[in-house]
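Here is a friendly briefing to read with the model open beside you.

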Amino acid sequence: MRNFTLLSVILAVSFFSFSFESLPKDLNNKCTLHYHGKFLKEKDLIPVITIDAAVLNTFFKKYPKLKKYQKDTEEIYKEKNYKSIWYDDEGITEFAALLYQKVNVLKDQGIDNKMPYKEVIDEAFNENATEKPSQVDTELLLTSMYVFYASNVYSGVDPATLKKIGWYLPTKTISYSRILDSLIVDSNRLDKDDNLLFSQYYKLQDALKKYRKIETDHLWQKIAIDSVNYKELKPFDISNTVKDIRKRLFVVGDLAQDSKSDVYDEELMAGVLNYKKRYGLKLNYTLTKEHIDQMNEPISKRIKTIMLNMERCRWIPTKLAQADEYIMVNIPSFRLIYVKDGKYDLVSDIFVGTRMTETVIFSGNMDRIVFSPYWNVPNSIIQNELKLQMANNKNYLEENNMEWNGGRVRQKPGPKNSLGLVKFMFPNPNDIYLHDTPAKSLFTFEKRTFSHGCINVKEARALAIEILKDDPDWPVDKIDTAMNGGKETTCMLKKKVPIYIGYFTSWVNDNGEISFFPDVYGRDENLDKLLYSDAVTLK
């Protein structure tokens, strides 16, 4: 009996020791305990944090400014079986500290936004703080901070608002819980993750860092000119203005060095061409007052432009740019790019809709190419333009190769057809498509907003050839015959080609050079108000 009692005592002590070392976070323990050779006091103990509906409701009543994150927070804890995310045996996790540091430098992400109750979270990470938030509050504050960070950096403006501002490109569908899992496994993804953000985002982020340093170092010096008697600068001119321009082009990277010369020499010519190329300007050596005025725009405007376009990159699903074939149209740059197997297969100038007939931002799938097309004149053009022309000239339709067809007017195929010799169709409710144009002279303008909404392509023939390059049924000679045959001929594509019509006023190429383009439809201004102003005016 004595042996049995002794054995029972030994087993009981062993069980107590095992239980405590397996679960050292006894929330209800009020005494000093011995744990792994150390004496722990009550204040050192890390409690087992329990999250449930009641706890969540209490928390969001206490911190009402975080209410908009409640639904996402609840979904995250449901996926985590309502267990703690941000605590381990040592306290607040290292990943939580890394995320906190990212929120502290949110401006590096081009975001001008402040986390609600940030001062309370600061106390949780302040070792010298005398009044820290409770562990439960800290846990839920950190989850709310994560949702705040992820929604600002990875999502941006919500899809409903995007539709209000006329952005109809595909948008992201993301899971904050799955993203959190991937970030915890590999925290380096906080710095860069091409699966979360369109690769252009990180290029713009680098440009933002560069331009902010230029601003901080006060290198963006105004270029002095005589605004009244300014004379256009041309090669081999000599002036202090030339010297100022040289310095600016060196600062932004268009020149490798600053010789400080006031002579418009060959070295400066090359820098001027690179500058004009980056800004989508006509490539010549003449520097007008308008060019100098553009250079003298505040660097703060350049920085804001970069930030606005980083925001647009947040809306783009990363899979779009990973397709093996697609066409991208950027309205502000008046440029079309046909991408195949990850390379720019063709780049063409374009012109787009006027401010009254803006080209819509959306996407579609090109399913056919029409050679020698008819142009079915939209009823709006008939009512607003053609009727007046026909009233003044009874032969107007015949002189312009037009005819009535079923109560509508159409223009017959031919070299003077407004659609040119080929059009590229992708069904959409806006009745917008790509097409050739007989008005080639319009491509000489820097700002090209001339159409009724469709996209006029300078290199239309080359685009048709490239798209059909792998189709043996459509060799180049057949394409040329169809384009000039005077008879409408349709080629149904064996594989549809995605086309994305976007709006980016700054863009960084693979060499790290940033381009800036005119805000032709005023969308930067509207987005700026949406993101940074309380008085929001949606377009």
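Strand β11 and strand β12 (residues 408-411) run antiparallel and are joined by four bridges. They belong to an open sheet of three strands, ordered β10-β12-β11, with antiparallel pairing. Please keep in mind that this is a predicted model.

**The sheet and its hairpin**

- The edges of the sheet are taken by β10 (375-376) and β11 (402-405). Each of these has a single partner strand, so one side of each has no neighbour in the sheet.
- A helix also packs on this sheet: α14 (residues 379-392) touches β10, β11 and β12. The direction of α14 makes about 80 degrees with that of β12.
- To find the bridges on screen, you can begin with N405, whose bridge partner in β12 is R408.
- β11 and β12 make a hairpin, with two residues between them. In that turn, G406 has a positive phi of about 60 degrees.

- How do α5 and α6 cross? The axes of α5 (residues 118-125) and α6 (residues 135-155) come within 10 Å, at a crossing angle of roughly 120 degrees. That angle makes α5 oblique to α6, and the crossing is left-handed.
- On the α5 side, the residues making this contact are V120, I121, A124 and F125. On the α6 side they are T138, L141, L142 and M145.
- Sorted by class, the contact of α5 with α6 has seven nonpolar residues, one polar residue and no charged ones.
- The axes of α4 and α5 come within 12 Å and cross at roughly 140 degrees. The two helices are therefore oblique to each other, and α4 passes α5 in a left-handed crossing.
- Here A96, A97, Y100, V103 and N104 of α4 meet K118, I121, D122 and F125 of α5. This contact of α4 with α5 divides into six nonpolar residues, one polar and two charged.
- I121 and F125 of α5 are worth a look, as they take part in the contact with α6 and also in the one with α4.

**Two loop residues with positive phi**

- Y117 is not a glycine, yet it has a positive phi of about 60 degrees. You will find Y117 in the loop between α4 (94-104) and α5.
- Is Y117 buried or exposed? Its relative accessibility is 15%, so Y117 counts as buried.
- D341 is another residue that has a positive phi without being a glycine, at about 55 degrees. D341 sits in the loop between β7 (335-340) and β8 (343-353).
- D341 is exposed, with a relative accessible area of 60%.

**Buried residues in helices**

- D137 is in helix α6. With a relative accessible area of 8%, D137 is buried.
- Which residues does D137 touch? Leaving aside its neighbours within four places in sequence, D137 is in contact with F59, K62 and Y63.
- T241 lies in helix α10 (residues 240-252). T241 is buried too, and its relative accessible area is 11%.
- Not counting residues up to four places away in sequence, T241 touches I223, A224, I225 and L233.
- T241 and I292 are 51 residues apart along the chain, and their C-alpha atoms are separated by 9.3 Å.

**A largely enclosed helix**

- Why is helix α16 (residues 460-467) described as largely enclosed by the rest of the structure? Six of the eight residues of α16 are buried, so the description follows from that count.
- The buried residues of α16 are A460, L463, A464, I465, E466 and I467.

How values were computed: Residues numbered from 1 in each chain as written. Predicted model: local features only at pLDDT ≥ 70, side-chain atom pairs only at ≥ 80, totals over all residues. Heavy atoms only, no water. Axes fitted to C-alpha atoms, helices over the stretch in contact; angles between N-to-C directions. Parallel < 35°, antiparallel > 145°, perpendicular 65-115°, else oblique. Left-handed = near helix turned anticlockwise from the far one by under 90°. Contact = heavy atoms within 4.5 Å. Nonpolar A, V, L, I, M, F, W, Y, C, P; charged D, E, K, R; others polar. Pairing = 2+ DSSP bridges. Buried < 20%, exposed > 50% of the residue type's maximum accessible area, 1.4 Å probe, protein only.
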